Amino acid sequence: MRTLLPGNGMTVLRNEMDRLFDRIWEGQIPTRDMAGWTPVLDFSETKDSFIMKMEVPGIDPKEIKVSLQDHVLTVSGERNKEEEEKDERFYRLERSYGAFTRSLRLPMPVDETKVNALFKNGVLTISIPKAEASKGMLVPIKTA
């Protein structure tokens, strides 16, 4: 094993462990659970809206369903497995396939009539404007 240096010690250790496990699995295919998958997402808030960004590469945007009901945003879809060649031998199978559903309860009332969804480069971005009443207001202070 190489000497572990303070700046890159963890990287060197990880690379060595990866090589060790590759040798152990040589001739076999390490697999992941293919029963389903869950796309990752970021959910943020601005002054006027909520923004959800979800990574859904390999899915036709026509196959994605977005719904908003009772302050719950739900995104569902399915990524289909590509057909394999009969004489193809895999060394790794790491991509997941199948149906998914993600639901998020929104923390405050929103304007359901102005929700906007955009799909670009495998990322689904949903903008959900807050309801006017939930934005709050500044109360002016009077002097006496």
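This is a predicted model: local features need pLDDT of at least 70, side-chain atom pairs count only at pLDDT 80 or more; totals for chains, interfaces and linings use all residues.
Reader: What makes up the protein, in helices and strands?
Author: There are 2 helices and 7 strands. Starting at the N terminus, they run α-β-β-β-β-β-β-β-α.

Reader: Why is lysine 130 called buried?
Author: Its relative accessible area is 7%. Buried means under 20%, so with 7% lysine 130 gets that label. You'll find lysine 130 in the loop between β7 and α2 (132–135).

Reader: How do you know that the side chain of lysine 130 makes a polar contact with the side chain of glutamate 45?
Author: Check the distance: it is 2.5 Å. The cut-off for a pair of N or O atoms is within 3.5 Å, and one must be able to donate a hydrogen and the other to accept it. The pair of side chains, at 2.5 Å, therefore counts as a polar contact. There's also the backbone oxygen of threonine 46, which lies 2.9 Å from a polar atom of the lysine 130 side chain.

Reader: Why are β1 and β2 said to pair?
Author: Two strands pair if there are at least two bridges between them. Strand β1 (residues 41–45) and β2 have 5 bridges, in the antiparallel sense, so they pass. For a landmark, look at aspartate 42, which stands opposite lysine 53 in β2. The two strands form a hairpin, with 3 residues between them.

Reader: And what makes β2 and β7 a pair?
Author: It's that rule of at least two bridges again. β2 and strand β7 (residues 123–129) have 7 bridges, also antiparallel, so they count as paired. Here isoleucine 51 stands opposite serine 127 in β7.

Reader: How do you know that strand β2 is mostly covered?
Author: Go through residues 49–55: of these 7 residues, 5 are buried. For the protein as a whole, 24% of the 144 residues count as buried.

Reader: Which residues touch the most other members of the largest nonpolar core?
Author: In that core of 17 residues, they are Met52, Val56, Val75, Phe100, Ile126 and Ile128. The elements giving two or more residues to this core are β2, β4 (72–79), β5 (98–105) and β7.

Reader: What is valine 75 in contact with, leaving aside its neighbours within four places in sequence?
Author: Its partners include Met52, Phe100, Leu124 and Ile126. Lys65 and Arg102 are among them too.

Reader: What share of the contacts with a separation of 6 or more comes from residues 24 or more positions apart?
Author: That would be 58%.

Terms used. Residues are numbered from 1 along each chain as its sequence is written. Side-chain values use heavy atoms; hydrogens and water are left out. Buried means under 20% relative accessible area, exposed over 50%, partly exposed in between (1.4 Å probe, protein chains only). Helices (H or I, at least four residues) and strands (E, at least two) are DSSP runs, numbered from the N terminus. A nonpolar core is a set of buried Ala, Val, Leu, Ile, Met, Phe, Trp, Tyr and Cys residues joined through side-chain atoms within 4.5 Å. Contact means heavy atoms within 4.5 Å.
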